[in-house]
Amino acid sequence: MGHAATEAAFAAALLDPALPPPAGLTTARGAPDAKRFAVYRNNVVVGLRTALATRFRVVERLVGEEFFALMARAYIAGTTPTSPLLFAYGDDLPDFIEGFAPAASVPYLADVARIEAAVTRAYHSKDSEPLGIAQLAALPPETLGDVRLAPHPAATLVRSRFPVGSIWQAHQHEAVAPVSAPGGEAVLVVRPGLEVGVHILPSRDAVFAGALLEGAALGDAAAQALAADESFDFGAALVGLAGLGAFAGTVTIDKGDKDDGHG
């Protein structure tokens with residue numbers, strides 16, 4: 001068995017208690033020791049589960065420690081860490097939750113997990129100066145519709161048919177108040193400076209924010225937002241998003257493919 005295959009077998013056995021210890025793994029006496037490997041396996045799994053519980057605190061509070069431990073164990077069994085940095089483990093846990101049948105009775109759980117995953121990514125993202133209001137004001141009005149704004153490295157938008165931003169905020173306190181917000185919410189996670197911000201956007205701005213963060217020009221994004229909600233206010237939405245730190249300092253204009261010098 002080659003080195004890569006040996007590593008793969010070791011990793012698989014480490015995360016799946018149904019598998020025997022890898023072949024060739026022995027004590028100094030040359031004998032296999034399943035009990036020692038089981039202890040090591042348990043320590044690894046506990047470490048990964050603790051990392052998930054630390055990153056997804058609200059998810060754990062919503063379902064309880066016992067359920068979270070079972071769900072985490074199922075996730076860990078099929079998900080090998082790809083980075084030595086444990087804070088990055090669990091990026092795809094929200095997708096796993098969506099397909100985890102026992103969690104179906106909490107339909108908003110995956111989107112709450114997406115907020116928590118975004119918070120961690122924002123905290124550890126690359127520092128970047130956010131786009132300033134003065135830079136926006138300096139843009140030539142005749143080219144405004146063709147402007148594309150670069151998303152800030154820390155920015156993530158989570159759109160849900162549930163009030164997940166309100167649910168997340170309610171669970172930032174020891175005593176959880178009932179969530180009365182109706183309908184879905186769009187939640188913008190940013191870190192324009194040192195602190196991560198989690199902001200519930202006005203519903204009329206959700207389409208606009210999503211389009212811009214996906215790379216649409218201002219004119220196209222505004223047209224999509226107006227089609228979705230006639231009360232959409234282009235100026236207020238743009239200034240509001242920039243003020244929250246949603247965009248990096250680079251501005252490009254489609255016509256002529258020229259940078260306007262604000263980068």
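Some ground rules. This is a predicted model, where local features need pLDDT of at least 70, side-chain atom pairs count only at pLDDT 80 or more, and totals for chains, interfaces and linings use all residues. Residues are numbered from 1 along each chain as its sequence is written, and side-chain values use heavy atoms, with hydrogens and water left out.

Now the overall picture. The protein chain has eleven helices and six strands. Those are DSSP runs, numbered from the N terminus: helices are H or I with at least four residues, strands are E with at least two. Of the 263 residues, 38% count as buried. Take the contacts with a separation of 6 or more: residues 24 or more positions apart account for 67% of them. Contact means heavy atoms within 4.5 Å.

Back to Asp111. Asp111 sits in helix 6. Leaving aside residues up to four places away in sequence, Asp111 touches Val158, Arg159, Ser160 and Val164. Helix 6 covers residues 109–123, and its end C-alpha atoms are 21 Å apart, which agrees with the 21 Å that 15 residues should span at 1.5 Å a residue. The expected span is 1.5 Å times one less than the number of residues. Eleven of those 15 residues are buried, so helix 6 is largely enclosed by the rest of the structure. Among them are Leu109, Val112, Ile115, Glu116 and Thr120.

Glu116 comes up again at the largest pocket. That pocket holds about 330 Å³ of space. Of its 16 lining residues, the closest to the centre are Thr54, Arg55, Arg57, Glu116 and Val119. Helix 2 (34–55), helix 3 (57–63) and helix 6 each give two or more residues to the lining. For the method: on a 1 Å grid over the protein atoms alone, a pocket is an open set of points with protein on both sides within 12 Å along at least five of seven lines, and lining residues have an atom within 4 Å of a point. The volume is the space filled by probe spheres set on the points, which are joined across faces, edges and corners.

Next, helix 4. Helix 4 runs over residues 65–78. Which of its residues are buried? They are Phe68, Met71, Ala72, Tyr75 and Ile76. They cover an arc of only 135° around the axis, which puts them on the same side of helix 4. The arc is taken from the directions from the helix axis to the C-beta atoms. Turned away from that buried side, the other face carries exposed Glu66, Leu70 and Gly78.

On to the strands. Two strands pair if DSSP finds at least two bridges between them. Strand 3 (residues 185–190) and strand 4 (residues 197–200) pair antiparallel over four bridges. They form a hairpin with six residues between them. Val187 has Ile200 as its bridge partner. Strand 1 (residues 147–151) and strand 5 also run antiparallel, joined by four bridges. Here Arg148 partners Thr252. Strand 5 (residues 247–253) is mostly covered, with five of its seven residues buried.

Last stop, Gly243. Gly243 lies in helix 11 (residues 234–244). Gly243 is exposed, with a relative accessible area of 57%. Gly243 and Gly132 are 111 residues apart in sequence, yet 7.3 Å apart in space, C-alpha to C-alpha.

Methods. Buried means under 20% relative accessible area, exposed over 50%, partly exposed in between (1.4 Å probe, protein chains only). On a 1 Å grid over the protein atoms alone, a cavity is a set of points where a 1.4 Å probe fits but cannot get out, and a pocket is an open set with protein on both sides within 12 Å along at least five of seven lines; lining residues have an atom within 4 Å of a point.
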